[in-house]
Amino acid sequence: MKYEFDVPLIEGKVLKRNSQFTLDVEINGNVEKVHCPTTGRIGDIDLKNIAGLLSTSDNPKRKTKYTLEAISVSNPDRKNKKWVGINQIASNKYIEFFLKKHLMDNMLPEYDEIRREVRLGKSKLDFLAGDTYLEVKTPLQTLQIEYDTNIKTKKVTSFSSTDRFIKHINELADSLESNEKAILLNTFQYDNPGYEILNPSTNYYEVSANVDKCIEKGLEIWQVNMNIDPEGMELIRYWNTTENFRKII
């Protein structure tokens, strides 16, 4: 089953990234300022002259009409392009849709109610499904997908902003004092073969120690892969990856 977009996405060519929040994109021969929904880097890809999929908004209060929803790791002239969804915020609405349709019951078999943005400790976690807290992450610092020959890359530095992640996983694990299940869900808007930390953060050993401690408390780590195209977002597969993250330091 697919989450269908209200309006199909349109294809354009990304010319350059102006800032964390905007890009110049050529759409039907015109250059438009487009919103970039992720403020961080997207793998090691140089965003010049690559294909993108864009959503359209008629909201008059918006500064930009378009949002970049996906980039292609295929050569621009290729017909059947491989897309990587980059709208990390949108991952939550896709996961909510799949949960409400009970398409992920192997991960969460029993729940009647799904709540969004639920406070736990000093944080707001993404979901409370029944009595299970679920936090969604959409990693984009490294892309585990093969690029076509014309895709240009650039040198990247190690990621260092991990405080929020550490806080979230510890509060998830602490929720197990009163709940039976807590899940960290690594979400990919492309077919990731199995999440690996290929470019460790500057706080790698601290993060790894916290992850292992939380797993010992009972935290589960799952992965879900989706596929984006102009019509919508489709669930491909999901599986339990907890053991892959146990004692990785």
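## An exposed proline and a buried glycine

Proline 60 is exposed, at a relative accessible area of 76% (exposed means over 50%, buried under 20% and partly exposed in between, with a 1.4 Å probe and protein chains only). This is a predicted model, in which local features need pLDDT of at least 70 and side-chain atom pairs count only at pLDDT 80 or more, while totals for chains, interfaces and linings use all residues. Residues are numbered from 1 along each chain as its sequence is written, and side-chain values use heavy atoms, with hydrogens and water left out.

Proline 60 belongs to the loop between β5 (50-56) and β6 (66-72). Here helices (H or I, at least four residues) and strands (E, at least two) are DSSP runs, numbered from the N terminus. From proline 60 to glycine 12 there are 48 residues in sequence and 22 Å in space, C-alpha to C-alpha.

Glycine 12 sits in strand β2 (residues 10-17) and is buried, with 9% relative accessible area. Its C-alpha is 6.3 Å from that of valine 25, which is 13 residues away in sequence. Not counting residues up to four places away in sequence, glycine 12 touches Val25, Glu26, Ile50, Ala51, Gly52 and Leu54 (contact means heavy atoms within 4.5 Å).

## Two positive phi angles

Let's turn to the backbone. Asparagine 28 has a phi near 50°, a positive value in a residue other than glycine. You will find asparagine 28 in the loop between β3 (22-27) and β4 (30-35), where it counts as exposed because its relative accessibility is 72%.

Histidine 102 is not a glycine, yet its phi is positive too, at about 55°. Histidine 102 lies in the loop between α1 (91-100) and β8 (114-120), and its 37% relative accessibility makes it partly exposed.

## Helix α1

The helix that histidine 102 follows is mostly covered, as seven of the ten residues in α1 are buried. These are Ser91, Asn92, Tyr94, Ile95, Glu96, Phe98 and Leu99.

Asparagine 92 counts as buried because its relative accessibility is 9%. Leaving out residues up to four places away in sequence, asparagine 92 is in contact with Arg116, Glu117, Asp126, Phe127 and Val136.

## How α2 and α3 pack

Helix α2 (residues 163-174) and helix α3 (residues 204-217) have axes that come within 9 Å and cross at roughly 15°. The axes are lines fitted to C-alpha atoms, for helices over the stretch in contact, and angles run from 0 to 180 degrees between N-to-C directions. That angle makes α2 roughly parallel to α3 (roughly parallel means under 35 degrees, roughly antiparallel over 145, roughly perpendicular 65 to 115, and the rest oblique). The crossing of α2 and α3 is left-handed, meaning that the near helix is turned anticlockwise from the far one by less than a right angle.

On the α2 side, the residues that meet α3 are Phe165, Ile166, Ile169, Asn170, Ala173 and Asp174. Their partners in α3 are Glu206, Val207, Asn210, Val211, Lys213, Cys214 and Lys217. By class, this contact of α2 with α3 has seven nonpolar, two polar and four charged residues. For these classes, Ala, Val, Leu, Ile, Met, Phe, Trp, Tyr, Cys and Pro count as nonpolar, Asp, Glu, Lys and Arg as charged, and the others, Gly among them, as polar.

## Cysteines

Cysteine 214, which takes part in the contact of α2 with α3, is buried, with a relative accessible area of 0%. Cysteine 36 is buried as well, at 1% relative accessibility. The structure holds zero disulfides, a disulfide being a pair of cysteine sulfur atoms within 2.5 Å.

Alanine 129 lies in strand β9 (residues 123-129) and is buried, with a relative accessible area of 0%. The C-alpha atoms of alanine 129 and isoleucine 114 are 4.4 Å apart, although 15 residues separate the two along the chain. Setting aside neighbours within four places in sequence, alanine 129 contacts Leu108, Tyr111, Glu113 and Ile114.

Threonine 241 is placed in the segment after β13 (232-240). At 3% relative accessibility threonine 241 counts as buried, and beyond its neighbours within four places in sequence it is in contact with Ile221, Trp222 and Gln223.
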